[in-house]
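Here is a short report on one protein structure. Look at the sequence and the model first, then read on.

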Amino acid sequence: MSKQTVALIFGGKSAEHEISIISARSIAAEIDRNRYELSPLYIDRDGKWYASECSQAVLDTDIAALLRSGSPESATQRLDELTAAASGEQFDFGAFLEKTDVAFIALHGSNGEDGKIQGCLDTFGIPYTGCGLTASALAMDKALTKLCSMAAGVAVAEFMTVTSSDYAAHPLGIVVEITKRFGWPLFVKPASLGSSVGISKVRNAEELANALESACQLDSKVLVEAAISGREIEVAVLGNGNAVASAPGEIIPGSDFYSYEDKYIKNEAKLVIPADLPEEVASEVRKAALTVFKALGCEGMSRVDFFVENGTNRVILNEINTIPGFTDISMYPMMMAASGVSFAELVEKLLLLALEKRSITPKI
C-alpha cells in the first residue's frame, strides 16, 4: 500500500505561534512513518508559507526549551534566523495540493483555530483534522460559544460583550455599566483569542479600565465575565458522529488563574488526571462536554473547559478549544492517555477521523 502524505501545518499569525510549533513537534514524532509521508508546512508570523528545508528546520527546533529557559526572545531570534535563511524560497501551492492527502492542523488561536485555514482546505478539497469551518468559527468566539451552549442547556457564567469601537467611544460609560452589573472580582477577555492570551482578573474600577484597554487592543470584541469560585475541570472529546468524552482532568493554577505564562513558561500549574470528583459530578461534566461539542457542530477533537462551583458542584462552562495543545504538558493528550488512548494512537485516530468525515469536493 502506498503511503498517504500528511501536511502538518503549524506556526501561524497568532500569539500562540511558538506553542503551535511545540505541538507540531510532538505530533510529528508520533506519526506512523510506515503509513504516512510527513510534509511539514510552516507559516511564519507574517503569514508566509514555507515547506521543505525551512519548515523541517523549524520543526526540529526545541522551542519549548527556549521558552522555559526564561528567554522567549531567543525563540523568536532562532525562528527569524531560519526564515531569513530561506527568504528566497517560494512556496509551491500547486505541488502542495497535488501531493497532500490529508492535513493535520496544529495551528492554535487566530488564523488557525478560527475557521480560516479550514475554509481554505475545504475549497481545495483537502480533508483535515478537527472541526470544520463553522464549528471552528463559533468555538473561537467565547461569546457565541456561551450563547450556543446556553441554548443547549449548559450553564455559563454571567457575561456581557463590549466592542472595541464602543469602548473607544464611551469608555467611562461602559466602566460604569459593568461596575453596576457585576461584583468583584471579574474577568476581562478578548473574545476570540486562545490559550489565556490577554485575559485579566479585575478587582476594582481602575483595573477594569486598564483591562478593557488592553483587551480592546487585541480583539474587536471583548468578553466581561463574572468570576466563578470553583475548580477548573477539563474534558477531552474525540470523534465525529459518535464522539466520546475522556475522564475529566483538573488544573490547579500556580497563580490567580491559569494564564499563558503559567501554562508555557513558568509551568507551575498542577495537573490532576483523572480529577478527584464524585462519580455523579464527573459524569455530569463529561455529558456537558459532549453537549457543547454537538451544539457547536464539532468534529474530530475538542477540549471543553468547565468550572465545578465550590459548595454547589454546579457544572459551568468556561470555554472550548477546537485545536487543543499537543505539548508535553497539554491536558488533551494526557486526558486521552488516562482514558486508554496513547499519544501515537490519538494522532492516528485523528488522521482517520479526518479521512472519514463528510464527502468533500474533489481537489482542484
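## Basis

This is a predicted model: local features need pLDDT of at least 70, side-chain atom pairs count only at pLDDT 80 or more, and totals for chains, interfaces and linings use all residues. Residues are numbered from 1 along each chain as its sequence is written, and side-chain values use heavy atoms, without hydrogens and water.

## Nonpolar cores

A nonpolar core is a set of buried Ala, Val, Leu, Ile, Met, Phe, Trp, Tyr and Cys residues joined through side-chain atoms within 4.5 Å. Buried means under 20% relative accessible area, exposed over 50%, and partly exposed in between (1.4 Å probe, protein chains only).

The largest core has 59 residues, and Leu 8, Phe 10 and Leu 121 touch the most other members. Domain 1 (4-112) and domain 2 (139-155 + 229-358) each give this core at least three residues. Those bounds come from an automatic or database domain assignment. Another core, of 30 residues, lies apart from it; Val 156 and Phe 293 are among them.

Which residues does Leu 8 contact, leaving aside neighbours within four places in sequence? They include Ala 24, Ile 27, Leu 59 and Phe 104. Contact means heavy atoms within 4.5 Å.

## Helix α8

Met 150 sits in helix α8 (residues 142-151). Helices (H or I, at least four residues) and strands (E, at least two) are DSSP runs, numbered from the N terminus. Met 150 counts as partly exposed because its relative accessibility is 43%.

## A loop residue

Thr 327 lies in the loop between β15 (315-321) and α14 (331-338). Is Thr 327 buried or exposed? Thr 327 is buried, at 4% relative accessible area. Its C-alpha atom is separated by 30 Å from that of Ala 95, 232 residues apart along the chain.
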